[in-house]
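Subject: Structure handover

Hello,

Here is the structure I said I would pass on. My notes on it come after the coordinates.

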Amino acid sequence: MRLLHSVSQLWLSGVILALLALPLALPLAAAPQRVISLAPHITELVYAVGAGEQLIAVSDYSDYPEAALGLPRVNSFAALNIEAILALKPDLVLAWRSGNPAQDLERLQQFGIQVAYSDPVMLDDIALELKQLGALLGHAQLGQQQAAAFQQRLTTLRKAYAHKPRPRVFYAMGVAPLTTVANSAWPAQLLRECASDNIFADAKGDYPQPLLEQLLVRQPTVIIQPQQAATAAFWQRYPNLPAVKNQAFVSLNADWVYRAGPRMLDAMQALCEGLEPYRGSVDNI
Amino acid sequence: MLKQLKPRQQALLWLLSGLLVLSLLFSLQIGSVAISWRELLLALTGQAVSEPLTQTIIWQIRLPRLLVAMLVGAGLAVAGAVLQNVSRNPLADPYLFGLMAGAGLGATIVSIVLPDQLISMALAAFLGALLAVLLVFIACMGNRLQKMEVTLLAGVAVSFMLSAISSFILYFAEPFAANRVIFWMMGSLSRTDWHSVALIAPAVMVLLVVALAVRRQLDALLLSDDSARSLGVNTQRLRLVLLLLTALVTACIVAQCGGIAFVGLMVPHMVRYFMGVTAVPLLLGSALFGAIFMMWVDNAARSLLAMQEIPLGVITSVLGSVFFLIILRRQLQQGG
Amino acid sequence: MTAAIYTLDQLCLAYPNSRSTGSVLALDQITLTISPDEVVGIIGPNGAGKSSLLQLLNGRYAPNSGRILLSGQPLQQQSAQALARQVATVAQISSAPQGLFCEQVAAMGLLPHKRWYEGTSAQDKQQVRLALQQVGLADKAQLRADTLSGGELQRLYIARALVQQATILLLDEPTNHLDVKYQHQVLQLLQGLNKTIICCLHDLNLAARYCHKLLLLENGRVRAYGTPHDVLRPALLQQVFGLPCVVSSQADYGWLQVTFIPELAHAKVGVPSPC
């Protein structure tokens, strides 16, 4: 037990030290030239600020832009391949605080590897990330520009849709089991931004599994699906749902909608535009 | 102790020891970074290597991980052998007290409910595992662990109870965190370092030494409780001590490496098949074979998919069940 | 007169599984002494408390009241290991141990004499060999115990008790499962051991022949305790076993012969009768 305790103590002090050292060390150092991205959205952001050339390895599923496909992969959601990361001798690792295992990152830092975190939660955070990443990777100017452009496009989209009539939508993340989004899940944010009422906005958690009965009771007028999945047969079983009756389906690119990168706004635009035909229809309450 | 063994048993033990050393050397070479034999030997003997990274990878990543693999394999196998002999139940397994479910609950709570990094996942898993043991012991207090069936059933019940709570928490969790907990429960050695070695090694050693010290008592229990008691064995105390020790060892292992199924159940059976049922060859054989087995399972986990790891529990279960069925089949055929 | 090895004083034992106190006792007010080097046979019908008495004598059960002295010391105060060095028990055979060799089973008798770090010496091995020889299993030492017949298994357990080197041997029905030849062989063996032997026996004639003393139990009480001549009285036996019998003396050899004759009474259920 004493050992366990001392281990956790050591670990905690390591974390504190790293946190203290981070703001001091980063701005002084020259722009890092060997960078590893540990999440797909970080990869997209890095390319967006023009620092793609500095990337030497990326995470699984880092498939955009295409240039990233040629880079070695060093982690999955479950674990980092520490040996491979060490062997690549990065001078900066960009980690996703809520997506990468904290213990592994801690381990990396023990080996003296610089780790910086990305953790966008709201849409506006993405602009901030662009700015910060630009500064961190020596592309401050492009980062600023990209951030500004992102912010401006977001504001335009918001203005365009904020006061439109609100359809009742169901976001079908999956149908077996029935899974939807709520609260701070990215698609749930987009639903709010596009002026629509998520019928499960009151559910607990970010990715709740609602009861089928509740879905039937709550009568969505539009069903949104993250990709063109083979769910037609499932929905045909409920012809009385207004959305099914009117064939009111909107599909979204899953990669856009779950990754906190610049393409999130493409998702938002596609969603807002996709909802247009169903606003103010007769089924709307 | 070794002198009492039959030549065949001695030969097998020496063979296993040799295989253990060879496996260790061979496994040190496996990984995503290629290291030549020459460099490996230089690094191991502490001499200067052209690439300092090699030193780090071998001493800080591969060696501790392999040592933990050995300790985990040996610990689970010895715990399984002890439990099977003590309970005279061939299905006894180190996870019998719902340890895995308890550790899972601890890990779930710490990574989902509690604020970030309040206590480490390993400590939480350890506490969860102890909670499970405590619940089982409370449930069985009345019959003082005399009826192992009752203990086993209580373990199953506690297991279900605790994993239900975990599932409930996971249900509300953010999917990445939930996935990580589930991946963790499937077992992995990727988080292990020298601290893990320092935590697990003493526990495993104590279990092995104690089990060897009571080798005669363990053998006497093979016949029946009454028969062991008439030889002066305090069966209740022996059981209690051994159950607690195996639970402690398993809790340490689970806390560091998650769930590694089937090793504790299967390795002792395979060793028994080749080495007989008495304690000394069974315990030593299980420790050696468990260590070798686990090392190779981890090698497979590290290298089957490039740059990615397969959960250990998946591999142990696949390999274990197939091997186990083959042995069962052969035993059935021999039995007539 | 030598000091008694066992002294039982007002012993009572409730059935271990019954919860209500004051219910039927397995053993009721047993008071007797057993002298060293005697062969004592415990006889009586099923359920008389024969096995329970053995379990009291080896410390497996604690009496509910009364006391039991072993060589003058209260038996309950001795450690299990100390007890095992003085008392060896051969239980009724249940099932054969899986995967153990005869030699290994016999060597278990060494357990009470060994500390955890002590190995098995050449002398110990010799002792095991000797014990197996004594019970006629020398040639089966390297065989697996689960290949033995019931009789062989019984003798194997006796060998284990011999290795245990206790001065007192408790046996529960040692002649069950044995061929006639081995019944006599085992009892002769026991008789010649120079140990205090206490055994439950069903067969009254074997008991009469090999035991110095007989203890007749009925419903947990002592009905008679003494030499075979004192105990094996036709009237008493008829009362206890519920069958009329004749007891004859083998003039040539000097031991008693009990023959139950159910035809003399209206009893329907037979008790094992000698052939």
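What follows is a list of findings, grouped by topic.

First, a caveat: this is a predicted model.

Chains

There are 2 pairs of chains in contact, and chains A and B share the most contacts. Chain A and chain C are not joined by any contact; their closest C-alpha atoms are 28 Å apart.

Aromatic residues

The whole structure, over all chains, holds 11 aromatic pairs. One of them is A:Phe170 with A:Trp235, which is edge-to-face, with 6.1 Å from centre to centre and 70 degrees between the planes. This pair links distant parts of the chain, since A:Phe170 sits in strand β5 (residues 168-171) of chain A and A:Trp235 in helix α9 (residues 232-236) of chain A, 65 residues apart. Both A:Phe170 and A:Trp235 are buried. In chain B, the ring centres of B:Tyr273 and B:Phe274 are 5.1 Å apart and the planes are at 80 degrees, so this pair is edge-to-face. B:Tyr273 counts as buried because its relative accessibility is 18%, whereas B:Phe274, with a relative accessible area of 40%, is partly exposed.

A:Phe170 and A:Trp235 also belong to one aromatic cluster, together with A:Phe200, A:Phe234, A:Tyr238 and A:Phe249.

Charges over rings

In chain A, the charged end of A:Arg97 is placed over the ring of A:Tyr117, at 4.0 Å from the ring's centre. Another case involves two chains: B:Lys6 lies over the face of C:Phe101, 4.9 Å from the ring centre.

Salt bridges

The count over all chains is 27 salt bridges. Among them is the one between the side chains of A:Arg158 and A:Glu193, at 2.8 Å from N to O. A:Arg158 belongs to helix α6 (residues 140-161) of chain A and A:Glu193 to helix α7 (residues 186-193) of chain A, so the bridge ties together parts that are 35 residues apart in sequence. A:Arg158 is partly exposed, at 25% relative accessibility.

B:Asp226 and B:Arg229 form a salt bridge in which the closest N and O atoms are 2.8 Å apart. Both residues lie in helix α10 (residues 225-230) of chain B, 3 residues apart, or about one turn of the helix. B:Asp226 is partly exposed at 35% relative accessibility, and B:Arg229 is partly exposed at 23%.

In chain C, C:Asp124 forms a salt bridge with C:Lys114, with 2.6 Å between the closest N and O atoms. C:Asp124 is in helix α4 (residues 122-134) of chain C and C:Lys114 is in the loop between α3 (102-107) and α4, so parts that are 10 residues apart in sequence are tied together. C:Asp124 and C:Lys114 are both buried.

Salt bridges with shared partners also join B:Arg88, B:Asp225, B:Asp226, B:Arg229, B:Arg239 and C:Arg60 into one network.

Surface of chain B

A nonpolar patch on the surface is formed by B:Ile182, B:Met186, B:Val314, B:Val318, B:Val322, B:Phe323 and B:Ile326, which together have about 550 Å² of accessible area. Helix α14 (residues 312-335) of chain B gives the largest share of the patch, 5 residues. B:Ile326 lies in this helix and is partly exposed, at 45% relative accessibility.

One more residue of chain B is B:Glu149, found in helix α6 (residues 148-171). B:Glu149 is partly exposed, with a relative accessible area of 48%. From C-alpha to C-alpha, B:Glu149 is 8.4 Å from B:Asn89 in space, and the two are 60 residues apart in sequence.

Regards

Technical notes: Residues are numbered from 1 along each chain as its sequence is written. Chains are lettered from A and ligands numbered from 1 in the order in which they are written. Side-chain values use heavy atoms; hydrogens and water are left out. Patches are made of residues with over 30% relative accessible area and no salt bridge: like charges are joined within 9 Å, nonpolar side chains (Val, Leu, Ile, Met, Phe, Trp, Tyr) within 5 Å. Accessible areas come from the Shrake-Rupley method with a 1.4 Å probe; for residues, only the protein chains shown count as cover. A salt bridge is a side-chain nitrogen of Lys or Arg within 4 Å of a carboxyl oxygen of Asp or Glu. Helices (H or I, at least four residues) and strands (E, at least two) are DSSP runs, numbered from the N terminus. Buried means under 20% relative accessible area, exposed over 50%, partly exposed in between (1.4 Å probe, protein chains only). Contact means heavy atoms within 4.5 Å. Rings of Phe, Tyr and Trp (its six-membered ring) pair if their centres lie within 6.5 Å; planes under 30 degrees apart count as stacked, over 60 as edge-to-face and the rest as tilted. A charge sits over a ring if NZ of Lys or CZ of Arg is within 6 Å of the ring centre and within 35 degrees of the ring normal.
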